[in-house]
Amino acid sequence: MRVYNFNPGPSTLPTEVLEKVQAELLDYQGKGLSVMEMSHRSPEFSDILARAKQNLRDVMKINDNYEILFLQGGASLQFFMLPMNFLSPETKADYIDTGSWASKAVKEARPFGSINVIFSGKNENYSRIPSWNNLPFSDDALYCHITSNNTIYGTQYKDYGNPGGPKLVADMSSDIMTRSFDIEKFSMIYAGAQKNLGPSGVTLVIIRKDFAAKAKSDIPTLLQYKTHIEKDSLYNTPPTFAIYLVMCITEWAVKKGGIDALEKECRVKAGMVYETVDGTDFYIPTASKDSRSLTNITFRLKNEALEKIFIEEAKKEKLIGLKGHRSVGGIRVSNYSAMSLKGIQTLVDFMKDFEKRNT
Ligand SMILES: *Cc1c(COP(=O)(O)O)cnc(C)c1O
């Protein structure tokens with residue numbers, strides 16, 4: 001019996017996708033072997049790679065000004081690969097610090113160039129996203145780095161307005177493929193796959209071609225974006241099985257109706273949880289209302305001593321992975337694309353019942 005898995009990452013995957021993978025495991029399309037056992041240069045794998053890319057383009061409306069790459073090292077490797085490719089001691093980038101992942105990106109970028117942190121929410125316990133209007137963008141920044149959704153603190157940009165700023169580079173690890181966006185606002189987007197796109201082990205990079213053209217060539221070959229663009233993510237052996245999963249999950253996303261349908265469903269599910277939290281003072285949301293995340297919903301119990309019991313009792317209802325990150329505590333509901341409406345309904349029913357039994 002499968003549980004309702006609210007883990008923040010790696011996270012729940014659509015059951016029908018796992019069933020398809022299981023059915024194809026021993027004998028992929030009559031070839032007599034599994035995807036794991038195939039050459040990454042075989043026609044079968046070339047087809048998987050091409051379809052994964054095309055599905056991502058279709059679902060998220062990515063036009064041909066952008067390349068799609070599958071890399072390794074997680075989102076964390078992008079924290080330094082990005083500045084390593086674009087910055088030098090004489091050049092500058094703006095960074096917005098809205099949480100632990102954002103501040104790690106700042107830390108990793110500092111050795112490569114001049115890093116201008118134009119907003120930090122650290123002193124407010126990262127409870128909000130700044131307004132685009134008041135940000136002191138640098139005139140000469142090569143990009144502005146943001147974390148679109150702060151997985152730990154449960155905050156998320158409502159839009160990518162960015163008036164007057166340089167084009168954005170976004171870490172979208174925890175909300176990619178859950179909301180629509182205008183790709184033209186971005187020079188680059190990256191995301192570890194393990195939250196919304198598949199299993200861990202592959203990192204999606206969507207990079208603008210004219211931006212990539214300005215990247216350096218005097219750094220290690222494997223760390224150059226140019227290498228992976230020229231070799232179509234096949235410079236060395238890519239994580240083939242993880243890419244196959246991304247193909248399957250994006251195919252599922254296409255069938256669901258693409259980004260607009262996924263966003264709509266995500267909003268409905270998040271709305272159900274926020275409505276429950278807002279309807280009482282038994283639960284106390286931690287993120288500022290105008291900055292609330294649709295994919296990571298964070299709250300405390302008014303009586304914090306009950307949080308441990310909440311988590312334990314939830315498990316009995318097959319609701320797992322609800323413990324907040326150790327740096328904020330409380331409860332975190334990870335509402336990624338593959339979380340079912342039924343899972344959210346079961347959670348909300350449990351929350352109401354738990355409240356009744358404990359007041
Ligand atoms: C999970 C997460 C990361 C870390 O990703 P890895 O793939 O483990 O390196 C980075 N940024 C955000 C926003 C995340 O949610």
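Guide: Start with a term. Buried area is the accessible area, found with a 1.4 Å probe, that two parts lose on being put together, summed over both. Keep in mind that this is a predicted model.

Here are the two parts. Domain 1 is made of two stretches, 4-10 + 258-358. Domain 2 covers 15-256. Taken over C-alpha atoms, their centres lie 26 Å apart.

Now the interface. Between domain 1 and domain 2, about 2,400 Å² is buried. Carbon and sulfur atoms give 52% of that area. On the domain 1 side, the residues that lose the most area to domain 2 are Ile259, Leu262 and Ser291. Together they make up 23% of what that side buries.

Count the residues next. Domain 1 brings 30 residues into contact with 29 residues of domain 2. Polar contacts also cross here, in 19 residue pairs. Which elements of domain 1 each supply at least two residues to the side that touches domain 2? They are helix 8 (258-278) and strand 12 (296-301). Helix 8 gives the largest share, nine residues. By type, that side of domain 1 divides into twelve nonpolar, twelve polar and six charged residues.

Two salt bridges are found across the interface of domain 1 and domain 2. Look also at lysine 61 and aspartate 260. These residues form a salt bridge. Their closest N and O atoms are 3.0 Å apart.

Next, the backbone. Most residues other than glycine have a negative phi, and most peptide bonds are trans. Proline 10 sits in the loop between strand 1 (4-5) and helix 1 (15-24).

Is asparagine 162 buried or exposed? Its relative accessible area is 8%. The cut-off for buried is under 20%, so asparagine 162 counts as buried.

Finish at serine 173. Look for this residue in the loop between strand 8 and strand 9 (186-192). Serine 173 is buried, with 7% relative accessibility. What does its side chain reach? One partner is the side chain of aspartate 171, in a polar contact at 2.7 Å. Another is the backbone nitrogen of glycine 192, at 3.3 Å. Leave aside the neighbours within four places in sequence, and serine 173 is in contact with Ala75, Tyr190, Ala191, Gly192, Lys195 and Asn196.

Note on methods. Residues numbered from 1 in each chain as written. Predicted model: local features only at pLDDT ≥ 70, side-chain atom pairs only at ≥ 80, totals over all residues. Heavy atoms only, no water. Domains from an automatic or database assignment. Contact = heavy atoms within 4.5 Å. Salt bridge = Lys/Arg side-chain N within 4 Å of Asp/Glu carboxyl O. Polar contact = N/O pair within 3.5 Å; in protein donor to acceptor, adjacent residues only side chain to side chain. Helix = DSSP H or I, 4+ residues; strand = E, 2+ residues; numbered from the N terminus. Nonpolar A, V, L, I, M, F, W, Y, C, P; charged D, E, K, R; others polar. Buried < 20%, exposed > 50% of the residue type's maximum accessible area, 1.4 Å probe, protein only.
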